[in-house]
Amino acid sequence: MTEPSLSAPFSYDRVWTNWAGNHTATPAVYARPRDESEVVEAVRYAIRQGMNVRVAGAGHSFTPVVPTGGLMLDLTRLSGVTATDPQRLRASALAGTTVGQLGEPLWEAGLSLSNQGDIDKQVIAGAIATATHGSGIGLPNMSSALRRVRLVDGRGEVVEIGEDSVRELRAAQVAIGSLGVMLEVELAVSAAYHLKEEISYRPWQEVEESWDALIADHRHFSFFWCPADHSVDLYQLPAPPEQPMRDHCYVKIYDEVEVTEPDGLVSDDVGNRTDRAYRVYPGGYDEPFHEMEYMVPAERGLEALDEIRRLMLDEFPDQLYPIEVRWTAADDAYLSPNYQRDTLVISVSGEPGTDYWPFLRAVDQRLRAYQARPHWGKIHFMTRDRLAELFPEFDTFLAVRREFDPNGTFLNDHLRPLLG
């Protein structure tokens, strides 16, 4: 191959693998731009060569959203908070900034992310693109915080989408990288806050009986339902050795509290922490797993979850990973799994190296009756027809996508049948 005329560092024959180890790719060109101009240069080169373009992010998606035989971009050099506005509760960052890297600079400006999940290694552009979320019935996913984005579109031009372009912004909030390469994002954030953690171990029946109160009474309530005593070990959950966990739940409750200590730390004991929010959210998950995650309407959540619980106990007793259960508030992004409905999130996993597909397909089939929508970074069985049924503004999203990327430069083999 003739070497591309690129000022950005690039390489050939680089093998890319995601964190979970279930997807691998060898792009024709792998580039690590150092600034916006090098991103533009790389995208324009790919357009001239007829290559597809995908951004690698941190590799925390379980679906093949990244693999390409064309140009793969690594934006980790485009990192850092670029602006904060405590009066407007806004913050801007370069697209390659990880969620974890946002915590300290925002705190110094008196700000915090309004919510985040229990992994903070994702780059912010990838977290937004796939509708990454935390938990809380009154808290929407991270994509909903997007208020402005600069990106390189399918013509190789830098464009900006802001709050004055509602149609385009609602498409850009969850686009799986299909509108272009994000350069910088502006987010709605919150005033800095502290969280108090409470970890408990409860029988399923107790959680079921306290369902409505637990959801309503806490800022964050989530849990892992365990089909076997040693299920907690698969997610490195710190349950005491003598604690029975079969048909029990590892319950996580985070509530906002006032703290007067200058550093914000009151307790760092696992299960009983009180600290700055960005220090409390992340934890666990050192060992890879392969996860599928579907969202169902919150009002049918208990019914849907109990059906999957019974499926595991009665039909798939060999599947031992816990079910992670969370809540997420409604939003207005066209491809958001939470589009105009509060949701219960059901996450199931398969063990790497095993044939978990019959189990995942069975979960998919059971949840179809609940109009379940997928997390875009997790394993799913969506088709174009299903997406048209599940997302009322699917055609609007497709129209916007084609306006930004008329030749499908930002689609790969996974996304083309869905969004092409």
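User: Which residues lie nearest the centre of the second largest cavity, and how many line it?

Analyst: Gln116, Ser135, Ser222, Lys252 and Tyr254 lie nearest its centre, and 13 residues line it. Keep in mind that this is a predicted model, where local features need pLDDT of at least 70, side-chain atom pairs count only at pLDDT 80 or more, and totals for chains, interfaces and linings use all residues. Residues are numbered from 1 along each chain as its sequence is written, and side-chain values use heavy atoms, with hydrogens and water left out.

User: What makes it a cavity, and what makes a residue part of the lining?

Analyst: On a 1 Å grid over the protein atoms alone, a cavity is a set of points where a 1.4 Å probe fits but cannot get out, and lining residues have an atom within 4 Å of a point. By this rule there are 6 cavities of 30 Å³ or more.

User: Why is the second largest cavity said to lie between domain 1 and domain 2?

Analyst: Domain 1 (81-192) and domain 2 (194-383) both give residues to its lining, so it lies between them. The domain bounds come from an automatic or database domain assignment.

User: Which strand gives the most to that lining?

Analyst: That's β15, with 3 residues. Strands here are DSSP runs (E, at least two residues) and helices are too (H or I, at least four), numbered from the N terminus.

User: What about the largest cavity: what is its volume, and which residues lie nearest its centre?

Analyst: Its volume is about 690 Å³. It is lined by 46 residues, with Ser61, Gly126, Ala127, Thr130 and Thr132 nearest its centre. Helix α3 gives the largest share of the lining, 4 residues. Each of domain 1 (81-192) and domain 2 (194-383) supplies at least three lining residues.

User: Which residues of helix α2 are buried?

Analyst: In α2 (residues 99-108), Val99, Leu102, Gly103, Leu106 and Trp107 are buried; that means under 20% relative accessible area, with a 1.4 Å probe and protein chains only.

User: Why say they line one face of the helix?

Analyst: Looking down the axis of α2, the buried residues fall within an arc of 115 degrees, so they line one face. The arc is that of the directions from the helix axis to the C-beta atoms.

Notes. Buried < 20%, exposed > 50% of the residue type's maximum accessible area, 1.4 Å probe, protein only. 1 Å grid on protein atoms, 1.4 Å probe; cavity = no way out; pocket = protein on both sides within 12 Å on 5 of 7 lines; lining within 4 Å. Points joined across faces, edges and corners; volume = space filled by probe spheres on them.
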